[in-house]
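Visitor: I would like to learn how to read aromatic contacts in a protein model. Could you walk me through it?

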Amino acid sequence: MSQPDTAAASDVVDVILRDGRSLRLRPPRREDTDALLAFFAGLSPRSLYQRFHGMPSIRPELVERLLEPDWVERGALLGAFAEDGADEHVVAVASYERLRDPTVAEAAFSVADEYQRRGIGTRLLEQLARRAAEVGIESFLAEVLADNRDMLGVFEAAGYELTRELAGGEVEVRFPIAPTERFEERVDERDHVAVRASLRPFFEPESVAVIGASRRRGSIGGELFRNILAADFQGAAYPVNREGEAVAGVRGYSSVDEIPGELDLAVISLPAALVNDAADVALRRGVRALVVISAGFAEIGSEGVERQEQLLALVRAHGARLIGPNCLGIAVPGRGLNATFAARAAAPGNIGFSSQSGALGLALLEAADSRGLGLSAFVSIGNKADVSSNDLLEWWEDDEETEAILLYVESFGNPRRFGRLARRVARRKPILALKSGTSASGQRAASSHTAALAGSEAAVDALFHQAGVIRAQTLEELIDVATLLSTQPRLAGRSVALVTNAGGLGILAADACDAAGLDLPSLSPETEAALRAFLPAEASVANPVDMLGGATAATYEAAVPLLLADPHVDAAIVLFVPAVSATAEEVAEAVDRAAAASDTAKPVLAVVMTSEGVPDGLRDGPGRVAAFSYPESAARALGRAAERADWLRRPQGTVPELDGIDRAAAEAIVERALASGDDAWLDPADTRDLLLAYGIPLVPERVAETADDAIAAARDLGLPAVVKTATPGAHKTETGGIALDLRDEDAVRAAVDRIGTPVVVQPMLHAGAELLAGIVEDPTFGPLVAFGPGGVLAELIGEASFRIAPLTDVDARELVTTGKAGRLVAGFRGAPPADADALVDLVLRLARLGEDVHALAELDLNPVLALPDRCVAVDARVRARRPDVVVRAKTW
């Protein structure tokens, strides 16, 4: 669920419990007095005593301090379900009171007896702690009766580091509430269990109702219902329409209330204006999974947005989940469920596919069928008002039928959560994504070098790279890579053997492999000798192996196992152009037999170039060979598989602890800069103090108000000197606001006279590679950390790489040591290698700064001089901007 976990963004948070039901959390209002009194009155004597350490009178004074919390001195949340689809039913309350030590608050929790042991207390604790942290509270204290094992269990299970002190019959529990890696892991574990439980009615329904299933042929609802019947759904299917007419010979109902027994899934295909009322009836009936096919919601503008918000509020008030609206539906071929209006049903298989676009989903279904690919599930998420690709990753992670995951994405609701999820799931199953559109960051005017280099897709590329997601650039590439990864064993390396009956085709394939970052190794002498034993003397047994135009199916069947057995080979691409010596179908069958006969787990790709396309023997075969129409397609797909193999071999890394960080000082500097407006460039003094607060190495400097002051500063710092304008945010090179290598006092005075005061004076540093490091805030993805070649040609050279904060030590080292910047760091053209460890530390500190100080819009260190024993930033520009709403906390 896409609700922000921050009070600034929303007073209402919906969380999912371990049984899959969602619970609404919100601050208690004045009008909740009676509901809260009823809640406490409904507690058992034991629960009431454990909460208050006594038996209080149930009267308004008991709940007064829970109402209208200010969050600074006191905070409170209540948890409520909808009761019979009507008023909220309060089932839990949590609160804190700030103590004399302003960094500590005392917390207390109560959960209705009948709702205990469902994870409600833990979810309340997560949210209460996040809100308390936003107002500067660092630790919670709780006085718990020693026999209250349930409450002690809540604290233990949450993932915080606890300290306990037993005094009499009470246990004083203390714990810091700042999120730690252990805490986030526990939250992710709870999310995983809860989300999977909430999605089960979609993927494993025993009964489905189609609301709006007309008997009229051609209607969306009617055809969708017929698709369910045609797929041989294993459960019960019910058509619902206004007249209660039968559809396709199945008894119809005028309302879901008339349907007997339990109802797991309801699919709604009605005019938009009727959807919410129909959803309300279904939810009151007990349905926990809704798929809304209908359009006319957020995609049409403000009226539709309001309608969608009302629909989502209904769903969440009843603790249910929603796919859509404005979607194609859901299909689970293995269970015979095809609740879509697609013309073609997906074949069962091992690929889970999610599409944000219904039309593109249809295109992909057609393309998958043409390549013989089957699906474990297809979900069209449409407007993704509730269920998103994040939720689907949770489901497919443990789904035994799913071995690869395909995503078509147009936008991200919560990319940070996606990154954490995908990073975990991708280590077990490949994730392929096709992302269209541009991020909002691309619409922003870029003022710094870092922002100018952060193109519209830089954040998406960084997200996918860090999470191990394979990004396809086209629909064709998505299907190609899916064909490979869903049928072939994991690639061990980048060494490829080519075998062909046409030399020119082999050359094209070799070029394509080189472009894809693949290697063509020399074959072992044993392999060459074995090939020579049955190939013509004119054939080439070097890689690529050219068996000449007379090669038969038997020739291919003999050659392929030899190549796969070669210890220098990680994969084989088999190429064939039809000739009189063999047909495409004969060769396809031979290659498939050869792959089956090999005892090596290596990918085999076949390119059979015929006017009929991929031969049936490969497309409909057992999947031992991945078939392609062109060598470029095969090489590109194998290159993507190699990227995944590289990522899997890469250590996962950790986010390191950094010393010398003064977050409070940094936040105060930025807040001071924004005192007179919501957008400001920091002056040189504040810029320097901000960077020093995070331990970022800087060249010594002085701000001078007069020429005489500048000369004195140059004398103290040492000549030759550099003089720069002190105007906040100025592009110094473009405006002529910098003078370099000033060797005497006259030169310093002349530079000051030309540039104008105030100026910044620094000593001139000559050695070291010039690099760029920086931060740019993306409104969707958060802080992006940049690293690349620097100096005045930074934007012309380009090649800056980006990563999304927070960075692990592995992320930071990869930024520093790869690409063009990595070549400079390693020592380019005889230059001594730079101090890579110092640069890694610099990048990590920038990432931490971007994470901690939310109002940093852009930060540019250019150049950073990379020296053999250290690094130092010699110029810095920082822009602060007050965000409208900052949403950085973990969300559904």
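Guide: Gladly! Rings of Phe, Tyr and Trp (its six-membered ring) count as a pair if their centres lie within 6.5 Å. In this predicted model, such ring pairs link Trp71, Tyr96, Phe109, Phe140, Phe155, Tyr160, Phe175 and Phe183 into a cluster.

Visitor: How many aromatic pairs does a search of the whole structure find?

Guide: The search finds 19 aromatic pairs. One of them joins Phe109 and Phe155, with 5.9 Å centre to centre and 75 degrees between the planes, an edge-to-face arrangement.

Visitor: Which parts does the pair of Phe109 and Phe155 tie together?

Guide: Phe109 belongs to strand β5 (residues 104–111) and Phe155 to helix α5 (residues 149–158), so the contact ties together parts 46 residues apart in sequence. Phe109 is buried at 9% relative accessible area, and Phe155 is buried at 1%.

Visitor: And what is the geometry of Tyr160 and Phe183?

Guide: The general idea first: a pair of aromatic rings is described by the distance of the centres and the angle of the planes. For Tyr160 and Phe183, the centres are 4.6 Å apart and the planes are at 25 degrees, so this pair is stacked. Tyr160 sits in the loop between α5 and β7 (163–167) and Phe183 in helix α6 (residues 181–203), so parts 23 residues apart in sequence are tied together. Tyr160 is buried, with 4% relative accessibility, and Phe183 is buried too, with 1%.

Visitor: Where does the charged end of Arg51 sit?

Guide: Over the ring of Phe52, 4.4 Å from its centre. Likewise, the charged end of Arg307 sits over the ring of Phe297, 6.0 Å from its centre.

Methods
Residues numbered from 1 in each chain as written. Predicted model: local features only at pLDDT ≥ 70, side-chain atom pairs only at ≥ 80, totals over all residues. Heavy atoms only, no water. Phe/Tyr/Trp six-rings, centres within 6.5 Å; stacked < 30°, edge-to-face > 60°. Helix = DSSP H or I, 4+ residues; strand = E, 2+ residues; numbered from the N terminus. Buried < 20%, exposed > 50% of the residue type's maximum accessible area, 1.4 Å probe, protein only. Lys NZ or Arg CZ within 6 Å of the ring centre and 35° of its normal.
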